[in-house]
Amino acid sequence: MSTYSETSFNSQHYDDSRPNYPEPFYQELVKYHKEKGETDLAVDIGCGSGFVTFKLLDYFDHVIGTDPSATMISQCQGSSRKLPESKSIEFIIGTAESHPSTISPESVDLITGAECCHWVDHAKFYAESARVLKSNGTLAYWFYKDPVFVGCPKANAIYKKYTYNSSKELNPQDKFERYMGPYYQQPGHDYLRSLLKEKSPPTDLFYDIVRHEYISERDGVPNATEDAYVTKTPLFIHKVIDMKWFLNYVRSWSAYHTWMKEHGDKYDIAEVFVNELKEEMGWNDDTKIEVIWDTVYTFARKR
């Protein structure tokens, strides 16, 4: 994603504006991995701001974060986070399809990819992962889809309009594009929407493949008495937000940055988007709104 390579991109803002992955999910991942894998070295591809990379230090002795963005890598390298004793971490420019030369073949116990594997060249990604993983090492990748405003179908329709539609297709006489749909990289955005159903680790390279998706419209929203991490998915992501948080969330999107580069002299599309939500829903900046995300994760072992 070239947007995240720009020197003006603020990875701390990106980190603060995004939902986090729950502890039960990390426990599920580590449980799967430890059935046959070791805990010497983990590699986190598309590491971005590094919050998954640092989290892996809870379970692995050495962790490497890779990202094609020099901006992201530089900001991770400048982190002042205190490391656990006897643990080490490093950040290196690299891609999912081509690991840095310092990562040797058959040396990696775990490869993770969080919120990035819908953007990769999948054939090259699977082959490269198999090249550097140890036998029985784990490939794990996961992501969340679009936020769902719980119990607010009108708000969800407005969200879909701004993130998937094109105003110029709806009204060819529009002088400029008023929605962000056309500004997402493809086919990655379509893969996000489908929860990457089209791709799976090849069975000649991987086995024990587990794919688990949670779709709120199909699987239901847990009530107050349910344990969502047990009944729905360990990758259950929910948050109570307000429109101030949501505005920053929209401003962390690659499509927002691309739209603003082209049309930012007209207005801030994130503000227009949020103002329409507030006007149509009767919300203000401080209204508390429950949001959940549809999610998917895939685990696989290298043969």
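**Figure 1. Residue classes lining the second largest pocket.** The lining of the second largest pocket has eight nonpolar, three polar and seven charged residues. The model shown here is predicted. The space in this pocket comes to about 420 Å³. In total, 18 residues line the second largest pocket; Lys145, Val148, Asn156, Glu217 and Asp294 are the closest to its centre.

**Figure 2. Elements around the second largest pocket.** At least two lining residues each come from strand E5, helix H6 (153-164) and helix H9 (216-219). E5 gives the most to this lining, with five residues.

**Figure 3. The largest cavity.** By the rule used, there is one cavity of 30 Å³ or more. The largest cavity holds about 40 Å³ of space. Tyr141, Phe143, Leu195, Leu196, Lys199, Arg211, Val296, Tyr297 and Thr298 line the largest cavity. By class, six of these lining residues are nonpolar, one is polar and two are charged.

Figure 4. Strand E5 (133-149) supplies at least two residues of the lining of the largest cavity, and so does strand E8 (289-302). E8 gives the most, with three residues. E5 also takes part in the second largest pocket, where E5 gives the most to the lining.

**Figure 5. The largest nonpolar core.** This core has 60 residues. Tyr21, Trp142, Phe149, Met180, Phe246 and Phe273 have the most contacts inside it. Helix H11 (residues 243-250) contributes the largest share of this core, six residues. A second, separate core has 29 residues, among them Ile103, Val120, Leu139 and Tyr191.

**Figure 6. Close-up of Phe149.** Phe149 is among the residues with the most contacts inside the largest nonpolar core. Which residues does Phe149 contact, leaving aside its neighbours within four places in sequence? They are Ala155, Asn156, Tyr159, Ile241, Met243, Phe246, Leu277, Trp283, Ile289, Glu290 and Val291. One of these contacts, Phe246, is also listed among the residues with the most contacts inside the core. Another contact of Phe149, Asn156, is one of the residues closest to the centre of the second largest pocket.

**Figure 7. The annotated stretch, residues 43-140.** An unreviewed UniProt entry carries the annotation "domain: Methyltransferase type" for residues 43-140. Over this stretch the chain is 24% helix and 31% strand. The end C-alpha atoms of the stretch are 10 Å apart.

Key: Residues numbered from 1 in each chain as written. Predicted model: local features only at pLDDT ≥ 70, side-chain atom pairs only at ≥ 80, totals over all residues. Heavy atoms only, no water. Core = buried A, V, L, I, M, F, W, Y, C linked by side-chain atoms within 4.5 Å. Buried < 20%, exposed > 50% of the residue type's maximum accessible area, 1.4 Å probe, protein only. Helix = DSSP H or I, 4+ residues; strand = E, 2+ residues; numbered from the N terminus. Contact = heavy atoms within 4.5 Å. UniProt positions renumbered as here; feature names shortened; annotations may be inferred. 1 Å grid on protein atoms, 1.4 Å probe; cavity = no way out; pocket = protein on both sides within 12 Å on 5 of 7 lines; lining within 4 Å. Points joined across faces, edges and corners; volume = space filled by probe spheres on them. Nonpolar A, V, L, I, M, F, W, Y, C, P; charged D, E, K, R; others polar.
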